[in-house]
Structures are given as C-alpha cells and as structure tokens.
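Subject: Structure handover and notes

Dear colleague,

Please find below the structure that I promised to pass on to you.

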Amino acid sequence: MIITACSTKKNTGLSRFYHNTTLKYNIYFNGNEAYKRGMNRIKSQNVDNYNEILPVFIDSKEESVSLAGGEMDKAIQKSSKGIKLHSITSKPTNKKKGNSKRAQEFNKKKEFNRWVDDAYFLMGKSYFIKREFLDSRYNFEYIIRQFPEEAIRFEASIYLTRNFLEQRDFSNAKERLDLIEGQKDFPTKFTGQLNATYSDYFIKQKQYENAIPKLEAAVKFTKKRKEKQRYIFILGQIYEKSGNLNQATEMYELAMKRNNDYSMVFNSQINIAKCYAMQGKNTKDIRKKLNKMLKDDKNIEYQDRIYYAIAEIDKNSGDINNAIKNYKKSSETSVSNDYQKAISCLNLGEIYYSKLDYKNAQIYYDSTIMFLPATY
C-alpha cells in the first residue's frame, strides 16, 4: 500500500516526501561520500611540478583517473540509480492555488524531487574526474536546461567551462564564461570559483598578464585556505615569469603564511632565493639559508632544488665555475625528480655551449632530452 502511494507516477505530498528523503539520505548520500573519498585521495596524493606554473585545479590532472576512478564509478552508479528510482516528473495531483510567484514556480516545475539536480551534478563531476568529457558535458547541460531557476545551474556552468578547457575548446569556454558573467543573479558564493576558472582559461593559453586580475579576484573571494594559497603561489610564478620580481617575492611570502603544505613552503623559499639572485640583490643571507636547508634531514628529497637555486645565484653573480659545480650537484642528487634533473642538465649544456665546449655541451643536452618530458 505504501509502495503504491509512493510511486513516482503519483505526485502527492506523501510521494514527494518519501522520494526526497530516500534519495537524499540513502542513495545520494552514499554516492557523495564515494565522491568525497575520491577527492580526498586526489588531494592527499597530489604531486606538483614546481618547475612549471602549477595547474589551477589539481582535480583536472590526468592522474586523477587512476587515483579516484573507482570511487567516481560508485558515485556515478548511485546517482544514476537515484535518478531512475526517485525522479518525479509527473504533474502534482493537487496544484498549488493562487497567483503567487512561489505557486507559479511550483506548478511549472519539470522535476519535483529536490535532490535530482544534485544527483545529476554529482554524476557530471564524477565523469569529469574520470575525464569522460562527453558524459560529463551531458549532465551539466541537462542541469542548465532543466533547472533554470536553481542556483546549481551556475556551478554546473562553471564545470561545463572547465570541461571545455580540458579539451582545449577555448571558443566554447569563452562563450560560456561571458554568459555566466553577464547574469545579474549570479551568486556571490561562486565568485571565487568562477574567477579561478577564468584564470585557468588564460593560463592554458599562456596569456599570463590577463590571468593576473582573475587570479587576484579568485584569491579575494575563495574561502578555502589551501585553494587560496595555491592561487597566491601561482600568482607568484606568473609575476616571476613576467619579470615583476618584487611582486613575485611578495606572493611567495604570502603563500608560506600558515601553510602546512611543506612542498609549497619549501618551493616558495627556493623561488624567493631565485628572485633575489635575478635582481642582483645581496644574496649572502639567502645563500646562508640555502646551505642551512641542505643540512636539514627533511629536505633530503629536495636537495636537487636547493643546489639548483644556489647554482642560479652563482650564475647571476657571474661565478660560472661554482654554477657548474652546483648544477652538477643538483643533477646528481635528483633521484625521483626527472624534470629537475633535465633542467639542471639543460643549464649545464647551455653554459658549456657558450664556452665552445661542444663535447660536454652534447653530453648534457643528451641527458636533457633523456629526462625532459615530451610536453616541454
């Protein structure tokens, strides 16, 4: 009797209560927990390449598929099941009376289960992590089309933009970004996320100057500390790349404040040292600090980066012999960081080439090719 009364074919107060409650606290809850486990695994096992400008979003990396694919499959399965069993699309048995805005909005709804749009969104995000972009796009576009009055459509639009960006479809991404920005009822709570996505649009195209104001806005409106610190560090990298070394130093110092990510703190210190060297400032204190870092046991795996920073100081101060020595030490101590080994070898190759020592230049250029990723 209860099952019949709560059929999705009937749209009554009782059926809506039953299907809302069951979808939210049973199926959707379990799917969302699987998604969160997958995201936690991505975050805890993320390894960044600090020799390059960091990606704005760590969940868009290709490694995410192997790290969290299983949990995303569970989230997709639960979402799909929840929609199939608990979506209510039939018109209500008793329509709300009156001409109030609330009554009109209720009567013209296409979906009467409040958690179905969340299930579609969860499914879209899960497909996105799995880099199954066609299925991901379908879910986000469905939300935008079917739930035009719900705030979730804005977040779906942002994810749809990210979907385009991962496929390097910059034309559709820009069209979507402009459309979002033009909507007057855009919720403030998504402003940080929108600006981070806009900065990703520019960074992926190497339009770094255009990315700066968007990243600054992302920093201002983002609440989560880890995300905010990541954006600040990327700002430092962009300023450094564009030659604004004072601003770069300022950003790296900010990125270190109350940051429990040792890799980011360490690399902020290294990049500050490099900025000082490039500015020709007195590097005595920086050099002393770097040598002290070499003796710290927790920096053993980072010694290649420290020697590289010292070599950069040597090169900028004109001490080429010591620069060669420290680039070599950087290469020798680079056990697990092939990218750093390649960059150190590349600098050695260039130094020897400028000295007309073609034999040694060839050796180090060969090593560079061996260790440098094909995307460089």
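How far apart are the mean positions of the positive and negative charges of the protein? The protein carries 65 positive and 45 negative charges, and their mean positions are 8 Å apart. In this count Lys and Arg are positive and Asp and Glu are negative, while His and the chain ends are not counted; each charge is placed at NZ of Lys, CZ of Arg, CG of Asp or CD of Glu.

Before the rest, two remarks on how to read the values. This is a predicted model, in which local features need pLDDT of at least 70 and side-chain atom pairs count only at pLDDT 80 or more, whereas totals for chains, interfaces and linings use all residues. Residues are numbered from 1 along each chain as its sequence is written, and side-chain values use heavy atoms, with hydrogens and water left out.

The overall build

The protein has 18 helices and zero strands, where helices (H or I, at least four residues) and strands (E, at least two) are DSSP runs numbered from the N terminus. Its C-alpha trace spans about 85 × 40 × 35 Å along the principal axes. The radius of gyration is 26 Å, while a compact globule of 376 residues would have a value near 21 Å; this radius is taken over C-alpha atoms, and the globule rule is 2.2 Å times the number of residues to the power 0.38.

Of the 376 residues, 50% count as buried, a word that stands for under 20% relative accessible area, with exposed meaning over 50% and partly exposed in between (1.4 Å probe, protein chains only). The protein exposes about 20,100 Å², of which carbon and sulfur atoms supply 50%; such areas come from the Shrake-Rupley method with a 1.4 Å probe, and for residues only the protein chains shown count as cover. Among contacts with a separation of 6 or more, 60% come from residues 24 or more positions apart, a contact being heavy atoms within 4.5 Å.

His86 lies in helix α3 (residues 63-86), and it counts as buried because its relative accessible area is 6%. Leaving aside residues up to four places away in sequence, His86 touches several residues, among them Thr8, Tyr18, His19 and Val116. Its C-alpha atom is 9.7 Å from that of Phe112, which is 26 residues away in sequence.

Leu294 belongs to helix α14 (residues 284-294) and is buried because its relative accessible area is 14%. The C-alpha atoms of Leu294 and Tyr307 are separated by 8.3 Å, and the two residues are 13 apart along the chain.

Loops and cysteines

Arg131 sits in the loop between α5 (116-129) and α6 (133-146), and has a positive phi of about 60° although it is not a glycine. Lys206, in the loop between α9 (191-204) and α10 (208-221), also has a positive phi, near 60°. Arg131 is partly exposed because its relative accessibility is 21%, whereas Lys206 is exposed, at 61%.

Finally, the structure holds zero disulfides, a disulfide being a pair of cysteine sulfur atoms within 2.5 Å. Cys275 counts as buried at 0% relative accessibility, and so does Cys345 at 2%.
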